[in-house]
Amino acid sequence: MLSDFIHKPAAKLYDLCGSRVGFYILIEEVEGCLFVVASHQIRIHHAKETVFYLRCRSRPIIEQSLGVRFGPYRLCYDGIESDLTESNLDDDTGIWANVDDFQWLRAVQSPNWSILPESQRIDTVEI
């Protein structure tokens with residue numbers, strides 16, 4: 001399934017493993033959640049202690065978030081390769097690891113997000 005936009009507001013203890021989104025994902029007010037998503041642009045507002053496994057074309061953006069962690073996309077299903085190619089998301093550029101924190105404009109690493117260590121990452125989710 002391909003859509004141009006997903007908006008996921010207000011969730012606690014929520015897991016979302018979804019297909020690709022054509023252009024834009026906005027995730028707001030989440031806590032203790034896990035997301036596995038692919039999209040061109042991903043914006044995250046007011047997230048706490050949440051993990052994101054991403055494939056994206058631009059740097060993920062966080063605002064007003066704390067304790068968010070990021071890892072590489074971990075989703076697999078029949079036809080995923082063609083779906084990612086169709087959405088121009090087939091190249092894993094690693095840009096998911098270059099998060100922009102709009103509340104932290106200093107040159108040093110933001111304390112609000114981190115890369116999830118490999119030993120703590122989930123296995124690939126097969127749907």
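Predicted model: local features only at pLDDT ≥ 70, side-chain atom pairs only at ≥ 80, totals over all residues.
Local features need a pLDDT of at least 70 and side-chain atom pairs count only at pLDDT 80 or more, while totals for chains, interfaces and linings use all residues. Residues are numbered from 1 along each chain as its sequence is written, and side-chain values use heavy atoms, with hydrogens and water left out.

The protein contains one helix and ten strands, where helices (H or I, at least four residues) and strands (E, at least two) are DSSP runs numbered from the N terminus. Along the sequence, these elements follow the pattern β-β-β-β-β-β-β-α-β-β-β. Of the 127 residues, 46% count as buried, meaning under 20% relative accessible area with a 1.4 Å probe and protein chains only.

A nonpolar core is a set of buried Ala, Val, Leu, Ile, Met, Phe, Trp, Tyr and Cys residues joined through side-chain atoms within 4.5 Å. The largest one has 19 residues, of which I42, I44, F52, L54, I62, V68 and F70 touch the most other members. Strands 2, 3, 4 and 6 each supply at least two residues of this core, and the largest share, five residues, comes from strand 3. A second, separate core of twelve residues includes V36, Y73, Y77 and L89.

Two residues illustrate contacts (heavy atoms within 4.5 Å), leaving aside neighbours up to four places away in sequence.

| Residue | Contacts |
|---|---|
| H45 | L26, I27, E28, E29, E63 and S65 |
| L54 | V37, I42, P60, F70, G71, P72, Y73 and W96 |

H45 lies in strand 3 (residues 34-48) and is buried, with a relative accessible area of 16%.

Definitions and conventions
Buried < 20%, exposed > 50% of the residue type's maximum accessible area, 1.4 Å probe, protein only.
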